[in-house]
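Hello,

Here is the structure I promised to pass on to you. Please open it first, and then read my notes alongside it.

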Amino acid sequence: MRQALDLAREAAAAGEVPVGCVIVKDGAVVGRGRNRREEKQSVASHAEMEAMAQANETLGTWRLDGCELYVTLEPCPMCAGAILNARIDRVWYGARDEAMGACGGVLNLFMEDFPHRPALVGGVLAEECRAVLSDFFRTLRG
């Protein structure tokens, strides 16, 4: 999660909503991502989507079974859907997202009857993850 936080801070420095994501398989990082929606002008350029694309390339497959995903903010419905489709084994997230969260903040897609559902661990370094977001939006509004 510390690496994901570093990516979130990098996103903030680039003017992006500060969310970072790291994907690990067998103890090795296989994908990293941060929000790049403004940079790419793409709705799909969330940290998780960027990290999964890199993991797909690194591993040479769209199937990310055996992988664990660490993200600083609870995944949205788009990212949760991609996580389900990628067959990721476990999701660790920091701050809860009560506006767009799809892991319990608004709804929990991982509790639905999909063929593969990842284990979910929320609240990892939650205060630090939340602080990065709060600082970003306070600066933006200030």
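Predicted model: local features only at pLDDT ≥ 70, side-chain atom pairs only at ≥ 80, totals over all residues.

Arg-9 and Asp-6 both sit in helix H1 (residues 2-13), and because they are three residues apart there, about one helical turn separates them.

Helix H1 has a second residue to look at. Which residue does Glu-10 form a salt bridge with? The partner is Arg-34, and the closest N and O atoms of this pair are 3.1 Å apart. This bridge links distant parts of the chain, since Glu-10 belongs to helix H1 and Arg-34 to strand E2 (residues 28-34), 24 residues apart. Is Arg-34 buried or exposed? Its relative accessibility is 7%, so Arg-34 counts as buried, while Glu-10 is partly exposed at 40%.

Next, have a look at Glu-50 and Lys-40, whose side chains meet in a salt bridge of 3.2 Å, N to O. Here, too, distant parts of the chain are linked: Glu-50 lies in helix H3 (residues 47-59) and Lys-40 in helix H2 (residues 37-40), 10 residues apart. Glu-50 counts as buried, with a relative accessibility of 16%, whereas Lys-40 is partly exposed at 44%.

These last two pairs belong to something wider. Glu-10, Arg-34, Arg-36, Glu-39, Lys-40 and Glu-50 are linked in a network of salt bridges. The count of salt bridges in the model comes to 10.

Helix H3 also has a helix partner. H3 packs with helix H4 (residues 77-86) at an angle of about 25°, and their axes are 9 Å apart. Angles under 35 degrees count as roughly parallel, and therefore H3 and H4 are roughly parallel to each other. The crossing of H3 with H4 is left-handed. Which residues make the contact? From H3 they are Glu-48, Met-49 and Met-52, and from H4 they are Met-78, Cys-79, Ala-82, Ile-83 and Ala-86. By class, the H3 and H4 contact has seven nonpolar residues, one charged residue and no polar ones.

Enjoy exploring it, and write back whenever you like.

Best wishes

Methods
Residues numbered from 1 in each chain as written. Heavy atoms only, no water. Salt bridge = Lys/Arg side-chain N within 4 Å of Asp/Glu carboxyl O. Helix = DSSP H or I, 4+ residues; strand = E, 2+ residues; numbered from the N terminus. Buried < 20%, exposed > 50% of the residue type's maximum accessible area, 1.4 Å probe, protein only. Axes fitted to C-alpha atoms, helices over the stretch in contact; angles between N-to-C directions. Parallel < 35°, antiparallel > 145°, perpendicular 65-115°, else oblique. Left-handed = near helix turned anticlockwise from the far one by under 90°. Contact = heavy atoms within 4.5 Å. Nonpolar A, V, L, I, M, F, W, Y, C, P; charged D, E, K, R; others polar.
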